[in-house]
Amino acid sequence: MTADASGAGAGAGGHLGISGVTVARGGRPVVRNFSIDIPAGEVTALLGPNGAGKSSLVLAIGGVLKPTSGSIRLDGTELAGKRPEKIRAAGIAIVPEGRRLLRQLTVEDNLRVATYTLPRAEAEAGRKRALELFPELQKRLTAPASALSGGEQQMVVLAQALVSEPRYIVIDELSLGLAPVVVNRLIPTIRRVAESGIGVLLIEQFVTVALGLANGASIIEAGRLQYSGSARELREKPDLLHSAYLLRGSEADASEVLESIEPAAER
Ligand SMILES: Nc1ncnc2c1ncn2[C@@H]1O[C@H](COP(=O)(O)OP(=O)(O)OP(=O)(O)O)[C@@H](O)[C@H]1O
Ligand SMILES: [Mg+2]
């Protein structure tokens with residue numbers, strides 16, 4: 001299925017370009033004429049208050065929702081409106097908000113479920129790579145998913161997206177429900193993923209975590225693009241973050257994480 005994705009991955013360059021995308025839900029547009037560029041080998045943050053349309057955009061990128069207009073291009077190939085399997089095969093992996101594991105199945109089987117369409121050798125290589133990124137999972141392979149901690153579950157969810165060695169990964173709410181110490185554990189892995197050449201679109205409630213990891217950043221409000229630029233620049237615009245309701249009490253909970261983050265390189 002992904003045999004045509006050879007040449008993907010590390011050093012392939014390129015970008016995923018989302019341009020003028022509108023997505024409607026319940027008969028009304030919730031993402032409006034939205035554009036964002038996701039370069040390979042970088043983390044791009046997408047920030048926005050609750051209900052802004054972030055998850056709707058993610059579902060549109062993944063082919064679960066059909067955009068009513070606009071374009072989603074992977075290195076020039078139009079993917080808007082294509083089916084989820086097609087988009088996955090083109091090299092885009094989606095981690096939807098609140099993705100759950102199959103609780104009765106072991107970690108190993110949860111990973112297997114994510115590679116069943118791949119040739120055996122590819123599945124094995126992807127699994128090996130995922131376990132390199134999350135070595136903690138190695139000794140949990142035979143445990144049922146229901147026995148995992150929240151952090152371990154999130155690692156398996158991320159590993160599921162990475163086993164098929166995508167070129168781009170879209171992560172909707174990396175730290176949802178996780179303790180700061182666990183978020184801290186995930187940060188270097190997200191960085192490694194990007195350094196391996198994968199383009200990462202990161203939606204993350206802890207703004208400082210997102211902006212510490214990201215090169216580029218965008219803000220979406222009420223479905224519309226409010227800011228697009230460098231993450232570093234945005235870190236220095238607390239007014240903008242406040243006006244988009246992005247800096248609130250919850251940021252204080254993340255202070256342990258925030259202190260440990262080195263800003264990413266300027267785009
Ligand atoms: N299944 C649905 N049917 C109709 N409207 C929906 C549906 N899901 C979401 N919406 C609406 O679409 C808009 C965007 O929601 P979305 O979930 O994309 O926002 P979000 O930015 O991901 O928010 P959050 O930060 O809370 O996850 C909201 O107004 C929401 O009420
Ligand atoms: Mg959401």
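In helix α5, the buried residues are Gln153, Gln154, Met155, Val156, Val157, Leu158, Ala159, Gln160, Ala161 and Leu162. With 10 of the 13 residues of α5 buried, the helix is largely enclosed by the rest of the structure. The model in which this is seen is a predicted one, and the chain has an average pLDDT of 89, with 88% of the residues scoring at least 70. Over residues 1-11, however, the pLDDT is below 50, although this stretch has 19 contacts in the model beyond near neighbours in sequence. Where pLDDT is low, the predicted coordinates should not be read in detail.

**Surroundings of α5**

The elements against which the buried residues of α5 pack are β6 (92-95), α3 (107-113), α4 (120-133), β7 (168-172) and α6 (180-195). In β6, Ile92 and Ile94 point one way while Ala93 and Val95 point the other way, and all of them are buried. In a regular strand the side chains alternate between the two faces of the sheet. Strands β6 and β7 run parallel and are joined by four bridges, and Val95 has Ile171 of β7 as its bridge partner. The buried residues of α6, which is another packing partner of α5, are Val183, Asn184, Leu186, Ile190, Val193 and Ala194. Just after α6, Gly197 takes a positive phi of about 110°.

| Helix | Residues in helix | Span | Expected span at 1.5 Å a residue |
|---|---|---|---|
| α5 (150-162) | 13 residues | 18 Å | 18 Å |

**The antiparallel sheet**

Elsewhere in the chain, four strands form an open sheet in the order β2-β1-β4-β5, with antiparallel pairing. Strands β2 (28-39) and β5 (77-78) stand at the edges with a single partner strand each, so one side of each is left without a neighbour in the sheet. Within the sheet, β1 (residues 15-25) and β4 (residues 69-74) pair over five bridges in the antiparallel sense, and Ile18 stands opposite Ile72 in β4.

**The ligand shell**

Ligand 1 is surrounded by Arg25, Gly26, Val30, Gly48, Asn50, Gly51, Ala52, Gly53, Lys54, Ser55, Ser56 and Glu97. By residue class, this shell divides into two nonpolar, seven polar and three charged residues. Helix α1 (residues 54-61) gives the most to the shell, contributing three residues.

**Ala210 and the chain as a whole**

Ala210 is found in helix α7 (residues 207-213). From C-alpha to C-alpha, Ala210 and Arg235 are 10.0 Å apart in space, and they are 25 residues apart in sequence.

Taken over its 267 residues, the protein chain has 43% of them buried, and its secondary structure comes to 11 helices and 10 strands. Among contacts between residues at least 6 apart in sequence, 72% join residues at least 24 apart.

Technical notes. Residues numbered from 1 in each chain as written. Chains lettered and ligands numbered in written order. Predicted model: local features only at pLDDT ≥ 70, side-chain atom pairs only at ≥ 80, totals over all residues. Helix = DSSP H or I, 4+ residues; strand = E, 2+ residues; numbered from the N terminus. Buried ≥ 20, exposed ≤ 12 C-beta atoms within 10 Å, placed from the backbone. Contact = placed C-beta atoms within 7 Å. pLDDT = per-residue confidence, 0-100. Near = placed C-beta within 6 Å. Nonpolar A, V, L, I, M, F, W, Y, C, P; charged D, E, K, R; others polar. Expected span 1.5 Å × (residues − 1). Pairing = 2+ DSSP bridges.
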